[in-house]
Amino acid sequence: MWTPRNWMTLAAVLGLLAVAGGAFGAHGVADPKAKSWLQTGAEYALVHVLASFACGILAQFGARRPGLAAAFFLAGVALFSGSLFVMALGGPRWLGAVTPVGGLSFMIGWAALAWAARGIRSV
């Protein structure tokens, strides 16, 4: 079930992987292109992991369906950052075609978050 508990747990795990990917890019690879992919993937992942936690906060304020935004953010992390991480580790370059799908997922997530925020009840 897609609950705040579940998406926030997944976000925390993806945050851990993002930090690991960024650290590996900073200290474990020499290839400049691989370093760049790891850095970009880590940055985007961390921003969208935090956005997923914001969805949990909005849920506490009665926002309408913040889990939809979290789903798109976390899918974006898997697709965008994941494809960059895999390519940096020597995976096939055709995965670069997946990266923009993850970027689109991020954008849909932000639109869904704006829609969810409109549903916050007045305090």
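This briefing describes the fold, the dimensions and the nonpolar core of the protein shown above. The model is predicted. The protein contains four helices and zero strands, and its elements follow the order α-α-α-α from the N terminus. Its largest nonpolar core comprises 30 residues, and each of the four helices, α1, α2, α3 and α4, contributes at least two residues to this core.

**Overall dimensions**

- The C-alpha trace spans about 50 × 25 × 25 Å along its principal axes.

**Burial, surface and contacts**

- Of the 123 residues in the protein, 40% are buried.
- The protein exposes about 6800 Å², of which 72% is supplied by carbon and sulfur atoms.
- Of the contacts between residues at least 6 apart in sequence, 73% join residues at least 24 apart.

**The largest nonpolar core**

- Within this core of 30 residues, Cys55, Ala69, Phe73 and Leu113 touch the most other members.
- The contributing helices are α1 (4-27), α2 (32-60), α3 (66-88) and α4 (99-117), each with at least two residues in the core.
- Helix α3 gives the most to this core, namely 10 residues.

**Surroundings of Cys55**

- When residues up to four places away in sequence are not counted, Cys55 touches Trp7, Pro66, Ala69, Ala70, Phe73 and Leu113.
- Among these partners of Cys55 are Ala69, Phe73 and Leu113, which are listed together with Cys55 as the core residues that touch the most other members.

Technical notes:
Residues numbered from 1 in each chain as written. Predicted model: local features only at pLDDT ≥ 70, side-chain atom pairs only at ≥ 80, totals over all residues. Heavy atoms only, no water. Buried < 20%, exposed > 50% of the residue type's maximum accessible area, 1.4 Å probe, protein only. Contact = heavy atoms within 4.5 Å. Areas by Shrake-Rupley, 256 points an atom, 1.4 Å probe, with all protein chains shown as cover. Core = buried A, V, L, I, M, F, W, Y, C linked by side-chain atoms within 4.5 Å.
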